[in-house]
Amino acid sequence: MRTVLALLAVVLLALTGCQGKKEEPKKDEAKKPAAEAPAGDEKPAAEEPAGEEPAGEEPAGEEPAGDEKPAEPAPSTGLRLEAVGLTIDLPADLTVSDAIGETGAMIMGGAVGAMTVSIPDESKPATLEAAKEEADMYSPENLKEETLEDGWLLSFTNTGGMGTNYWVMSRREIGGKAISCSTTCSTPEQHAAVIAACKSLKP
């Protein structure tokens with residue numbers, strides 16, 4: 001009897017060991033995909049529009065239209081002196097009238113003050129030496145003489161009751177006739193302008 005019970009006990013133990021608790025399979029953990037940066041986070045390389053210059057910059061080599069200065073008109077020259085049949089390089093807006101007491105033209109205006117271009121009579125010096133002798137009567141200063149291809153020119157200053165006077169005496173042979181050009185003016189600018197004008201006389 002004991003043997004039978006012992007065998008039953010062994011069988012029960014064996015059955016109990018075979019029917020132990022079954023382990024539940026472990027749930028697979030969700031595989032997480034590798035972290036990827038969202039496509040929207042990627043910044044495309046900065047591109048500048050082709051052929052366009054940044055706003056606010058002036059095209060090279062061009063100045064703003066506002067900086068352009070209109071060309072100044074050149075002063076008109078070539079004043080005709082019908083009384084002597086000659087042209088003189090002076091602005092055309094100067095006043096021209098008949099010379100006083102002689103055949104010729106008187107030119108008046110700010111550029112020259114007053115000057116005379118005339119056909120000389122016997123009262124006008126015919127030579128440079130004669131002109132210098134005449135100038136001696138006025139106690140000349142800054143005396144300058146110049147020999148021209150067709151004549152001569154003498155210039156000087158003197159001091160009078162009204163201040164400094166600027167003198168020009170000139171004689172030239174132009175177109176086969178003698179021409180006198182002279183002035184007594186009051187500024188060095190007029191003096192220089194008359195000297196240049198006397199030299200510019202032409203048919």
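**Close-up views of a predicted model**

View 1. Because Glu 129 and Lys 132 are three residues apart in helix H2, about one helical turn separates them. Helices (H or I, at least four residues) and strands (E, at least two) are DSSP runs, numbered from the N terminus. Glu 129 is partly exposed, with a relative accessible area of 48%; here buried means under 20% relative accessible area, exposed over 50% and partly exposed in between (1.4 Å probe, protein chains only). Glu 129 and Lys 132 also belong, together with Glu 145, to a network of salt bridges. The structure is a predicted model, in which local features need pLDDT of at least 70 and side-chain atom pairs count only at pLDDT 80 or more, whereas totals for chains, interfaces and linings use all residues. Residues are numbered from 1 along each chain as its sequence is written, and side-chain values use heavy atoms, with hydrogens and water left out.

**View 2. Salt bridges between separate parts of the sequence.** Side chains of opposite charge can pair when their charged atoms come close. By the rule given above, the count comes to seven salt bridges. One of them joins the side chains of Asp 89 and Lys 202 (2.7 Å, N to O); Asp 89 lies in the loop between strand E2 (86–88) and E3, and Lys 202 in the segment after H3, so this pair ties together parts that are 113 residues apart in sequence. Asp 89 is partly exposed at 38% relative accessibility, and Lys 202 is partly exposed at 33%. A salt bridge also joins the side chains of Glu 102 and Lys 124 (3.8 Å, N to O). Since Glu 102 lies in the loop between E3 and E4 and Lys 124 in the loop between E5 and H2, the pair ties together parts that are 22 residues apart in sequence.

View 3. Seven strands form an open sheet in the order E3-E4-E5-E9-E8-E7-E6, with antiparallel pairing, where two strands pair if DSSP finds at least two bridges between them. The edge strands, each pairing on one side only, are E3 and strand E6 (141–148). Helix H2 (residues 128–135) packs on the sheet, touching E6, E7 and strand E8 (163–174), and its direction makes about 5° with that of E7. Contact means heavy atoms within 4.5 Å, and axes are lines fitted to C-alpha atoms, for helices over the stretch in contact, with angles running from 0 to 180 degrees between N-to-C directions.

View 4. Strand E3 (residues 95–98) and strand E4 (residues 104–109) pair in the antiparallel sense over four bridges, and Val 96 stands opposite Ile 107 in E4. In the hairpin of E3 and E4, which has five residues between the strands, Gly 101 takes a positive phi near 75°. E6 and strand E7 (residues 151–160) pair in the antiparallel sense over six bridges, with Lys 144 opposite Ser 155 in E7.

Technical notes
Salt bridge = Lys/Arg side-chain N within 4 Å of Asp/Glu carboxyl O.
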